[in-house]
Amino acid sequence: MSALSTNAGGPKGLPALISGQILKLIGLAILDAFGLLLFYAFWFSGNTALALIIAVITIGMNVVIFVPRLYPLRWMSPGLALMILLVIYPLLFTVSTAFTNYSDGHLFSKEQAIALHSKATFTPEDAPTYRFTPYVNKADPTDYALWLTREGDAGTEVIFAKEGEPLVVLEGVEPEPPEEYEGYRPLERRELVAALSVLETAQFGEEPNTVTVVSAARGVAARSLQRYVWNAELNGLEDRQTGLFYAADDETGSFIANKGRAEQQELQPGYWVGVGFNNFRRFVESPALRGPLVQVFVWTVAFAFFSVMTTFVAGLIMALVLNSPDIPGRKVIRSLLIIPYAIPGVISILVWKGMMNPNLGVLARSFGINPPWFSDPLWAKIGILLINLWLGYPYMMLICSGALQAIPTDIYEASSVDGANPWQRFWNITLPLLLVTVGPLLIASFTYNFNNFVVVEAFNKGGPPIPGTLTPAGYTDILISYTYRLAFGSGRGADYGLASAITIIIFAIVAGVTLLQFRFTGQWEEVSENV
Amino acid sequence: MSSRTESRMVVGGREKLLELTLRWVVIVIAVAFALFPVVWIFSAAFNPTGNLANQTLIPQGVDSLDELLTNFRGLLVEDVDIHPFWNWLGNSIFVASITSVLTVLVAALSAYAFSRFRFAGRRNLLVLVLLIQVFPNMLAMVALFLILQQIGKLSEYIPQALPFLEGINWSFFSLFGLNSLGGLILVYMGGAMGINTWLMKGFFDSVPRDIDESAQVDGASHWQTFWMLIFPLVRPILAVVAILSFIGTINEFVLARVMLRDKTTWTLMVGLYNYVSDNFARDWGKFAAGALISATPIVILYIALQDQIVGGLTQGAVKG
């Protein structure tokens, strides 16, 4: 106990207390500095929500440290900070994204999109032209610059143009290119050929005031102009090259120009806007979206249900078989039987995938079992359920044997006195009692399989694909893998808004089932008692 | 004894024999079903031909130990430029150890507070933590992806927002951005916080409060009580939680695949997945070798800890 009281009172206590206080303040100051830095950086870059979350966490930490009443929260602050940033914020983000058109082509805010387009340049026909001499940075052979000269009424205009930096008009210098300028030297003739492709595509100067090489062979460069100019009054971008006017459509987040009578042209990228319930409505209104979604949903429920059923039946049988003192080496057998559960899931699925390989796999070659596992919708579904049975029955076996042992034996004795046969005993005693304890875990297993992304993705990426769908979807796709394909699927572009809308639907279903589970087991009461 | 009871005993014995035979038949079938893929992957790993089509259960034409290890040599030595297996192994161990240790420590702090302090809003906070857990963080992968992306871009944002800080190298933030192990660790920790807090609150609740009260009478602070008294008491069970969290993290595939985009940052599961999906038939043997190396330690850990795992699985179910 003496070790515990070193800090308590005594002559040493006060300085220790003060230095502890100082240490705390220093730590807090560092934390605040970081919080402020991140807040400002996120705010400036347009990540308003992320900035606000950082602010909430930082302010929360300070309050918790300075208000003695909140002492318990100090203990939780690291955990709560992690949860706020990585659980609560993503949840809110998902919910709010579901009501936007956030997707490829609509990833920026309106301001960001306008700023991006304002950087685009073009070289008009009558643009001022310059003669140029290419320069290269002595320290960095990939950094080029141009020495530009132009004969004008008021003498020769001389400009030194670097990439990405504002054009510098040089006053009072000889137009003759010098041997060295600000660490740059003229390109030698033999270097020029290699540099041509870079020189002809590079923009010298800072957007939108740039100079581009028109003809490297003739040594001619021209002044470029800003191509798109924002017109706040008309709410659109003027294209100074083509004369089109791209009106900003705040309903869809696109810049649309009317070109000719019925022809429209869109300027990419657009920006994200709130679209209300559109993402949800799209499923109802568009048959090409609704078709696969209904199919995916039905299969998700069927997959989760059959997975639970098959694994439960197999696991229960094994638990019953092993639940006998007459079997020697039960522990060893059980250890062997849980191996499928212990092997990392991804690996198991891939091994099965190899064994099921058409014509080459062991099932086809040695056992003659060679159905179209990967190309036929029905066989793919059977295959995935078979793998999931292998993966999941040890879990069911474990929980069933636990529950079996908890059933008091005197009930069985009483029933055999009454003349019940084993079959009756199983249906009337074992199963009902078992379901009382295992039931909630079956529901949990249902929700787990409802989101069992790994088995679907690793087996066949949700395939075979459903033909004629607007969004990529396969016959074995479940909701979560369908969402993944919407968000990260290649080819047709990511649609985060739609993906988030489906995520919310999944969440609602999972939360509903979980609530059912709580009701079923009275876990809520248990929670309130424990609390 | 009369003859009637004798004959009944004989019938009983015959039934018993039948029952036992039936039990063993089921056991044999089940063990065969459970172990067949395992045996097959063993065989594939040591089969020198290394491809799917020519694999036989007993490797054929093997003359030396050297030949038996063809796939392992290919995986661990020859192919490391294309498939950096050692990187994957290292990444997995790194991510899983840090995640499990930090998760246990941070969650233990919260759990201790929930278990030992009484404060306003405690109940609501506990229920909130539990409720949030219903939302699996895998569902939020889009949001998590975008958060990490923005964290990674901080090294660009800070000099833009605050030009006077331009001189400092902020690329340190990309250690927690997209395609970084640090970012993945953060995501895992956030996702595991709720359930672990609940789990450990239960452990702390099982330690009698008299212990910390008497320590506090002796002048111990809360921190000292926690760190020197309670924590050592629950350390064995926390170790089990840490090991399970370690295994779970190694096995995790979905988030790792979304967050890690670069061959050298992949974890074992992402790497092995991509290894074999590149060319299933050709790299089968090397994949099997990698699978064997990755799965064996985990299976051993699992079997060694099976009683604790079963206890954890059935805790909620067999309580009443």
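A: Let's start with salt bridges: a search of the whole structure, which is a predicted model, finds 16 of them over all chains. One of these joins the side chains of Glu457(A) and Arg485(A), at 3.2 Å from N to O. This pair links distant parts of the chain, since Glu457(A) sits in helix H15 (residues 453-460) of chain A and Arg485(A) in helix H16 (residues 479-488) of chain A, 28 residues apart. Glu457(A) also meets a residue of the other chain: its side chain forms a salt bridge with that of Arg257(B), at 3.3 Å from N to O. Side chains of opposite charge can pair when their charged atoms come close.

Between chain B and chain A, the count is one salt bridge. There are also nine residue pairs in polar contact between chain B and chain A, counting pairs with both residues at pLDDT 80 or more. On the side of chain B that touches chain A, helix H1 (residues 3-46) of chain B gives the largest share, with 16 residues. By class, that side of chain B divides into 85 nonpolar, 15 polar and 10 charged residues. Altogether, 110 residues of chain B are in contact with 108 residues of chain A. The two chains bury about 9800 Å² between them, and 81% of this lies on carbon and sulfur atoms.

The whole structure holds two cavities of 30 Å³ or more. The largest cavity has a volume of about 40 Å³, and residues of both chains line it: Met76(A), Gly79(A), Leu80(A) and Met83(A), along with Ser110(B), Phe114(B), Val129(B) and Thr197(B). Helix H3 (71-97) of chain A and helix H4 (85-116) of chain B each give two or more residues to this lining, and H3(A) provides the largest share, four residues. The lining has five nonpolar, three polar and no charged residues.

The second largest cavity holds about 30 Å³ of space. Its lining is made of Ser92(B), Val95(B), Tyr188(B), Thr249(B), Ile250(B), Glu252(B) and Thr267(B). Here the elements that give two or more residues are H4 and helix H10 (222-251) of chain B. By class, the lining has three nonpolar, three polar and one charged residues.

Finally, there is an open space to visit. The second largest pocket has a volume of about 1600 Å³. Among its 39 lining residues, the closest to its centre are Leu320(A), Pro422(A), Phe426(A), Thr430(A) and Arg23(B). H14(A) gives the most to this lining, with 11 residues.

Notes
Residues numbered from 1 in each chain as written. Chains lettered and ligands numbered in written order. Predicted model: local features only at pLDDT ≥ 70, side-chain atom pairs only at ≥ 80, totals over all residues. Heavy atoms only, no water. Contact = heavy atoms within 4.5 Å. Buried area = accessible area lost by both parts, 1.4 Å probe. Salt bridge = Lys/Arg side-chain N within 4 Å of Asp/Glu carboxyl O. Polar contact = N/O pair within 3.5 Å; in protein donor to acceptor, adjacent residues only side chain to side chain. Nonpolar A, V, L, I, M, F, W, Y, C, P; charged D, E, K, R; others polar. 1 Å grid on protein atoms, 1.4 Å probe; cavity = no way out; pocket = protein on both sides within 12 Å on 5 of 7 lines; lining within 4 Å. Points joined across faces, edges and corners; volume = space filled by probe spheres on them.
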